[in-house]
Amino acid sequence: ARGAAKRYFDLACRYAESLPPAILVITCGLPATGKSTVAHALSEQAGFEVISSDLVRKELAGVAPGEHRLEGFRGGIYAAEFTARTYSELLDRARPLLLAGRSVVLDASYMRREHRRPAARLARETGAQFACLEFELPDEVIRKRLVDRMRKGGDPSDARPAILAAQKRRYQRPAEIDAARRIAVPASGSAEAKVRAVVKGLRAVSPVSARL
């Protein structure tokens, strides 16, 4: 009986290795804090699927990714209803990927609990692990990045210094997420060092997820 149990256990482990659990990762922070950079690095290094709120929002609005809509704060395609629609679409696109065992990064600001909680719920419903990457930078660094981004063009984000203060007032820290699932992304250091820190944190959340 002991030998049979061992054979069945070894067989179960082999099946488990071939289908590692997916992990749903959300990015959380103000604009220009490096969320997209880390998200795409995870895609390249660990094969995560990246779904960008900037691209999804523009797609839903019928706007080209590089076309800027410099709406007033929470106006136009950034109004509350359209933002809710965008975050809902992120989850709809992530669901089939998670069910297929593919890990996903939702590249968005996720500044409000009302948007983070449905993402955590989706992870539970699909049997995926869940983690939140927290991004913070000094205001002066963010402003400089926003100015540089607008000057260079080509980025789908419409964030700009003029609305940064309003965004900060609405930001809710993700304290509702268990501390073990919150990964603070280093504010300094190279992009490679930041990704290494993120991967280390994700391994602690889900040691057997694919290619971490």
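Arg173 sits in the loop between helix 7 (164-170) and strand 5 (182-184); helices (H or I, at least four residues) and strands (E, at least two) are DSSP runs, numbered from the N terminus. The model is predicted, so local features need pLDDT of at least 70 and side-chain atom pairs count only at pLDDT 80 or more, while totals for chains, interfaces and linings use all residues. Residues are numbered from 1 along each chain as its sequence is written, and side-chain values use heavy atoms, with hydrogens and water left out.

**The chain as a whole**

- Eight helices and five strands make up the secondary structure of the chain.
- In sequence order, these elements follow the pattern α-β-α-β-α-α-β-α-β-α-α-β-α.
- The radius of gyration of the chain is 19 Å, close to the 17 Å that the globule rule gives for 212 residues, so the chain is as compact as a globular protein of that length. The radius is taken over C-alpha atoms, and the rule is 2.2 Å times the number of residues to the power 0.38.
- The C-alpha trace spans about 70 × 35 × 30 Å along its principal axes.
- Buried residues make up 43% of the 212 in the chain. Buried means under 20% relative accessible area, exposed over 50%, and partly exposed in between (1.4 Å probe, protein chains only).
- Taking contacts between residues at least 6 apart in sequence, 77% join residues at least 24 apart; a contact means heavy atoms within 4.5 Å.

**Arg173**

- With a relative accessible area of 49%, Arg173 is partly exposed.
- Apart from its neighbours within four places in sequence, Arg173 has contacts with Arg116 and Glu136.
- From Arg173 to Glu44 the C-alpha to C-alpha distance is 28 Å, and the two are 129 residues apart in sequence.

- The loop between strand 3 (104-107) and helix 5 (113-126) holds Tyr110.
- Tyr110 has a relative accessible area of 0%, so this residue is buried.
- Neighbours within four places in sequence aside, Tyr110 is in contact with Ile26, Thr27, Cys28, Tyr87, Leu90, Leu91, His115, Arg116 and Ala119. Arg116 in this list is also a contact of Arg173.

**The aromatic pair**

- The count of aromatic pairs comes to one. Rings of Phe, Tyr and Trp (its six-membered ring) pair if their centres lie within 6.5 Å; planes under 30 degrees apart count as stacked, over 60 as edge-to-face and the rest as tilted.
- Tyr87 and Tyr110 form this pair, which is edge-to-face, at 4.8 Å centre to centre and with 75° between the planes.
- Distant parts of the chain are linked by the pair: Tyr87 belongs to helix 4 (residues 80-99) and Tyr110 to the loop between strand 3 and helix 5, 23 residues apart.

**Leu90**

- Leu90 is placed in helix 4, and at 0% relative accessibility Leu90 counts as buried.
- Beyond its neighbours within four places in sequence, Leu90 is in contact with Ile51, Ser52, Ser53, Val56, Leu106, Ala108 and Tyr110.
- Leu90 and Arg149 lie 59 residues apart along the chain, and their C-alpha atoms are separated by 24 Å.

**Positive phi values**

- Most residues other than glycine have a negative phi.
- Ala32 has a phi near 65°, a positive value in a residue other than glycine.
- Ala32 is found in the loop between strand 1 (23-28) and helix 2 (35-46), and at 6% relative accessibility Ala32 counts as buried.
- Tyr110 also has a positive phi, near 45°, and is likewise a residue other than glycine.
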